[in-house]
Amino acid sequence: MRRVVITGQGTINALGHNVPDTLAAFREGRCGIGEIDIRDLDRLSIRIGGQVRGYEPEDHFNRQQIALYDRFTQFTLMAAREAITQSGLDFSGQLSNEAGVVLGTSGGGMTTLDENYRSVYEEGKNRVHPFVVPKLMNNAAASHVSMTYNLRGPSFTVATACASSNHAMGQAFYLIRSGVSRVIVTGGSESMLCFGGIKAWEGLRVMSRDACRPFSANRNGMVQGEGAAVFVFEEYDHARARGAEILAEVVGFAMTADASDIVMPSRQGAARAIAGALRDARLAPADVGYINAHGTGTAANDKTECAAVADVFGAHADRLMISSTKSMHGHLIGGTGAVELLACIMALKDGVIAPTIGYEEPDPECMLDVVPNEAREAKVDVVLSNAFAFGGLNAVLALRRA
Amino acid sequence: MSDSVKDKVIAIIAEQAVLEPSDVKLDSTLEDLGIDSLGLVESIFAIEEAFDIQVPFNANDPSESEFDISSVAAIVRAVEGLVADQKA
């Protein structure tokens, strides 16, 4: 079995258009959630989100690219550029033939769907632009990364709602660990902050109108975000041989299905995924210093997640730190695990634990150390990243300090 | 050829080819102009939108379509025909 390390990271999200700005926001406990700016906002009852601001596609892509790239693809390409540049990799020859792209997204080209449904249903037009299909398809982002960087190996898109990115990065980990490939570009992206994307979530009545306050007794729901994060996963010896900077090592991954309910989470399903990731990484519970929680800010998730952590870690649950950065960047749905992995790598590499902001009142059912409101300096050797999706599909990654 | 149709078609093709309209010659082929299959479909969409016509074009086998795309002049003639039919 081969070892898997991370040699590049990139992002664009509500906290910043790159990794340094995002990490600075994590350290400062800055909130990227605010009033959103989209068409027909007055017809929405939910008007806040972690929207990417100050972003103009024309600054980064030419007219023909914009005609083909939905916003979720644009975000992916921005993040991929930063990650691949940092890795220093150049894809040619045999490496190009085996290197692939495995990305997560839930909605794919939702903005494209939204705009074109408007044009045919609301405006009554009978003709749509010829690129609607290549723009909206869920694998568009993965394919454009593959085309842009000449990545010709295993490439696909994973859609498991809110766990999409973690499932995608888990597949990337497996592909390298098993020797199929030496490099996989992986992560995820989401751009669901369009009228239809928010309206659909409104229907579930789990959205907050003011803030995302995970684990706080006065929390009142989740807040959507948008953006992408992309990583270069690389086989350890390959990275060592070329003298690459290793940001962290991916040491374990596990997936479970609750097989019980389409929206309600399961304590047992979550606990089995967490325990499975530890087992896969050959780690003991006491090795874990930090968990980046799924922490959506809904009553159902936060209680279930805390109970699952208590089940797996026993007394050590009170000694580890667990925070939800969704309080700052919002819930990026299929892209969320990827942006949250940035906080995991920051914890390992820089010894800074990103806080759970907006925390106001302790909840007796969530009495773990949630790193409330302020980032904390702490040396940790092993971290976990939790993702528990609608549909009961859970995916947990384990990372170790390089 | 009416200038208005010709000029509009050339403007659409020039935009797709990222050229100045003056660089698009009537005897140019789409291949000469560097317009690939996706660019062609996008041009046809733009033509349909600009003239409010339906272009009988099937991307599965462009040579079998009634719509002649063998040169810029052929496209202009075909569009003129469709515009005239629509008015008739």
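In this predicted model, the crossing of H11(A) and H12(A) is right-handed. Helix H11 spans residues 267–280 of chain A and helix H12 spans residues 299–313 of chain A, and their axes come within 8 Å at a crossing angle of roughly 50°. On the H11(A) side, the contact is built from A:Arg267, A:Ala270, A:Ala271, A:Ile274 and A:Ala275. Facing them from H12(A) are A:Thr304, A:Glu305, A:Ala307, A:Ala308, A:Val309, A:Asp311 and A:Val312. Sorted by class, the residues of this contact comprise 8 nonpolar, 1 polar and 3 charged.

Helix H3 (residues 71–87) and helix H7 (residues 140–149) of chain A have axes that come within 9 Å and cross at roughly 40°. H3(A) and H7(A) are therefore oblique to each other, and their crossing is right-handed. From H3(A), the contact draws on A:Phe72, A:Thr73, A:Thr76, A:Leu77, A:Ala80 and A:Ile84. H7(A) contributes A:Ala140, A:Ala141, A:His144, A:Val145, A:Thr148 and A:Tyr149. The class breakdown for the contact of H3(A) with H7(A) is 8 nonpolar and 4 polar, with no charged residues.

A further pair is formed by helix H5 (residues 110–122) and helix H9 (residues 195–204) of chain A, which pack at an angle of about 100° with their axes 8 Å apart. That angle makes H5(A) roughly perpendicular to H9(A). The residues that meet here are A:Met110, A:Asp114 and A:Tyr117 of H5(A), together with A:Phe195, A:Gly196 and A:Gly197 of H9(A). They divide into 3 nonpolar, 2 polar and 1 charged.

Turning to the chain as a whole, chain A is divided into domain 1, covering 4–241, and domain 2, covering 253–400. The C-alpha centres of these two domains of chain A lie 21 Å apart. Where they meet, 62 residues of domain 1 of chain A are in contact with 55 residues of domain 2 of chain A. On the side of domain 1 of chain A that touches domain 2 of chain A, at least two residues each are supplied by strand E1 (4–13), helix H1 (19–28), helix H8 (164–177), strand E6 (183–190) and strand E7 (227–235) of chain A. The most is given by H8(A), with 7 residues. By class, this side of domain 1 of chain A has 28 nonpolar, 28 polar and 6 charged residues.

Across residues 1–401 of chain A, the chain is 36% helix and 19% strand, and the end C-alpha atoms are 19 Å apart.

Chain B carries an annotation from UniProt as well, with the feature "domain: Carrier" (unreviewed entry) placed at residues 3–83. Over residues 3–83 of chain B, the chain is 52% helix and 0% strand. The end C-alpha atoms of that stretch of chain B are 13 Å apart. As for the meeting of the two chains, 5 residues of chain A are in contact with 5 residues of chain B. The side of chain A that touches chain B has 3 nonpolar, 1 polar and 1 charged residues.

Technical notes
Residues are numbered from 1 along each chain as its sequence is written. Chains are lettered from A and ligands numbered from 1 in the order in which they are written. This is a predicted model: local features need pLDDT of at least 70, side-chain atom pairs count only at pLDDT 80 or more; totals for chains, interfaces and linings use all residues. Helices (H or I, at least four residues) and strands (E, at least two) are DSSP runs, numbered from the N terminus. Domain bounds come from an automatic or database domain assignment. Two residues are in contact if their C-beta atoms, placed from the backbone, lie within 7 Å. Ala, Val, Leu, Ile, Met, Phe, Trp, Tyr, Cys and Pro count as nonpolar, Asp, Glu, Lys and Arg as charged, and the others, Gly among them, as polar. Axes are lines fitted to C-alpha atoms, for helices over the stretch in contact, and angles run from 0 to 180 degrees between N-to-C directions. A crossing is left-handed if the near helix is turned anticlockwise from the far one by less than a right angle, and right-handed if clockwise. UniProt positions are given in the numbering used here, feature names are shortened, and annotations may be inferred rather than shown by experiment. Angles under 35 degrees count as roughly parallel, over 145 as roughly antiparallel, 65 to 115 as roughly perpendicular and the rest as oblique.
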